[in-house]
Amino acid sequence: MESDCVATMTTKPKPIVAANWKCNGTQQSIRELLGHFNAAVIPPNVDCVLAPASLHLFPVQAALTNRAFRVAAQNAIAKSGAFTGEVSLELLKDAGVKLVILGHSERRQYYGETNEVVADKTRAAIDAGFQVILCCGETLKEREEGRTAAVVIGQLAAVAAKFNKPEMWSSVVIAYEPVWAIGTGKVASPDQAQEVHVVIRAWFTSIAGPEAAAAMRILYGGSVTAANAVSLYSQRDVNGFLVGGASLKPEFIDIIRAAGSS
């Protein structure tokens with residue numbers, strides 16, 4: 001399936017490469033990793049994001065001197081108050097964090113976040129002035145049943161139903177992460193990644209128009225490494241990466257450079 005906005009995509013939008021550290025890291029390992037990142041020369045045409053565990057947000061912000069990087073939260077809830085163990089958008093904003101990852105498959109799988117929950121959180125984050133990295137993706141069973149497009153578009157359509165104007169999407173970056181490739185060592189081939197990214201961009205064209213669709217940044221996530229980043233980013237509709245395990249290593253810089261090489 002070819003995207004209707006191909007004609008407008010003479011150049012790619014500025015790529016984003018985001019590190020999702022999940023529930024990993026010690027103060028010592030983070031200091032060592034930030035030493036590498038602070039010293040790195042980052043291509044100026046790449047937006048770089050680090051999403052540490054909530055406990056490490058302040059230490060990372062304090063130690064991060066390379067201004068090419070921004071800090072993001074891995075999750076948030078809409079309201080502050082009697083919600084033990086949670087981190088709200090209000091608390092994040094007070095801490096100077098204005099970027100959040102929402103809808104990750106691990107939140108959906110382990111904590112029961114439905115499409116509706118993710119959509120409500122995304123709308124609340126946009127209303128609060130946040131930028132959102134919005135995750136979507138299918139399980140292996142759903143892929144084998146031929147339901148990849150239906151699942152992914154269903155996840156995104158739930159969010160679209162909460163937006164009252166297309167301009168709200170300008171604060172969203174979409175991250176396609178096939179669940180079967182997250183942390184498994186399996187990775188979608190460049191062609192497989194491109195196929196789903198085209199589906200997403202074609203759907204987005206239908207709701208927001210070709211100009212907005214051409215500008216929408218769609219990231220790939222799922223066992224991204226320095227070894228496969230170049231071939232993945234070479235695909236026309238891949239606009240960067242959401243990186244898990246490899247982002248906890250110095251090789252994350254090589255992944256960033258792969259997105260900045262074109």
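View 1. Asn239 comes out at 0% relative accessibility, so it counts as buried (buried means under 20% relative accessible area, exposed over 50%, partly exposed in between, using a 1.4 Å probe and protein chains only). This is a predicted model, where local features need pLDDT of at least 70 and side-chain atom pairs count only at pLDDT 80 or more, while totals for chains, interfaces and linings use all residues. Residues are numbered from 1 along each chain as its sequence is written, and side-chain values use heavy atoms, with hydrogens and water left out. Asn239 sits in the loop that runs between helix 10 (229-233) and strand 8 (240-243); helices (H or I, at least four residues) and strands (E, at least two) are DSSP runs numbered from the N terminus.

**View 2. What Asn239 touches.** The side chains of Asn239 and Arg201 are joined by a polar contact of 2.7 Å. A polar contact here is a pair of N or O atoms within 3.5 Å; within protein, one must be able to donate a hydrogen and the other to accept it, and residues adjacent in sequence count only if both atoms are side-chain atoms. Leaving out residues up to four places away in sequence, Asn239 also has Lys12, Pro13, Pro15 and Ile16 among its contacts, along with Met216, Arg217, Ile218, Leu219 and Tyr233 (contact means heavy atoms within 4.5 Å).

**View 3. Val243 in strand 8.** Val243 belongs to strand 8 and, with 1% relative accessibility, counts as buried. Not counting residues up to four places away in sequence, Val243 touches Val17, Ala18, Ala19 and Asn20, plus Val224, Phe252 and Ile255.

**View 4. Two loop residues with positive phi.** Lys22 isn't a glycine, yet its phi is positive, near 55°. You'll find Lys22 in the loop between strand 1 (16-20) and helix 1 (27-39). Ser223, also not a glycine, has a positive phi of about 60°, and its place is the loop between strand 7 (218-221) and helix 10.

**View 5. Zooming out for context.** The protein has eleven helices and eight strands, and its C-alpha atoms fill a box of roughly 45 × 45 × 35 Å along the principal axes. Buried residues make up 52% of the 262 residues. Among contacts with a separation of 6 or more, 73% come from residues 24 or more positions apart.
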